[in-house]
Amino acid sequence: MNIRNEMKLSFPSKSCNESFARAAVAAFVMNLDPTVEEISDLKTAVSEAVTNCIVHGYRRGSGTIFITAKVLEDNRVVVKIRDKGCGIEDIKQAMQPLFTTAPDEERAGLGFAVMQSFCDAVKVSSKPQKGTTVTLEKYIAV
Amino acid sequence: MPQERKINMLQTDYHDNVLTAYIDGEIDHDTAARLRISIDGAAQSLKPGLLCLDFGAVRFMDSSGVGLVMGRYRQMKLIGGRLRVVNIPGHIYRIFAMSGLEGLGVLR
């Protein structure tokens, strides 16, 4: 599938960059003329993925978060959010709604459930001690 | 001269044993941490019978908002009060609907 447009971002794993990341992805897809709901869904999913990099991937330490976003010919937006953090031992368990490894920090354990609900497809690949990549796909209606 | 309005802000109001926190802006992991400190500070000193979180001006929320509400529910239980969340915009309610919060009867 041909790529119509793409962009890359990298930034430090600071929680103040959560709003930057979701706003940047939203701005990138704005010329597809999305609905308010489509943009809100995409921003929410990106926010969840970036928060996971900060809270879990880098365990609040310092690291770099990488985002690539592509617009494909079929009006599909593909956003990859990658960290080089601790990785996930058991992806299936991590994706269970209400499962969290950080209950003390008032994490609801809904991150992956929200991504799945607000996107058309969510893929997770991870290697312990190497990092995690979350791929979000969302169609923007023409 | 009118005061400049910040993107994210919190205003609180207390009367008749009810503490209302008006949240304005975006709730994510970053802002939730600050909101938690401000709301808990007010609740700890006033010990209201009811803490009311007004979401009417919340423009964005991810699942950090669910954690914020769950945490305040527990805090209010500890001081013998109740929690209520009001004026939840529709797109934000979708996230609450995925949590167990509906069963607690705090969402209005």
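Asn87(B) is partly exposed, with a relative accessible area of 48% (buried is under 20%, exposed over 50%, partly exposed in between; 1.4 Å probe, protein chains only). This residue lies in the loop between strand E4 (82-86) and helix H3 (90-98) of chain B, and its phi is near 55 degrees, a positive value in a residue other than glycine. Helices (H or I, at least four residues) and strands (E, at least two) are DSSP runs, numbered from the N terminus. The model is predicted, and local features require pLDDT of at least 70, side-chain atom pairs pLDDT 80 or more, whereas totals for chains, interfaces and linings use all residues. Residues are numbered from 1 along each chain, chains are lettered from A, and side-chain values use heavy atoms, without hydrogens and water.

A positive phi, near 70 degrees, also occurs at Gln129(A), in the loop between strand E4 (121-127) and strand E5 (131-139) of chain A. Gln129(A) counts as exposed because its relative accessibility is 63%.

The contact (heavy atoms within 4.5 Å) takes 20 residues from chain B and 26 residues from chain A. His29(B), Arg94(B) and Met98(B) supply 34% of the area that chain B buries against chain A, more than any other three residues; buried area is the accessible area (1.4 Å probe) lost by two parts on being put together, summed over both. Between the chains, 6 salt bridges are counted (a side-chain nitrogen of Lys or Arg within 4 Å of a carboxyl oxygen of Asp or Glu). One of them joins Asp28(B) and Arg22(A), at 2.8 Å, N to O.
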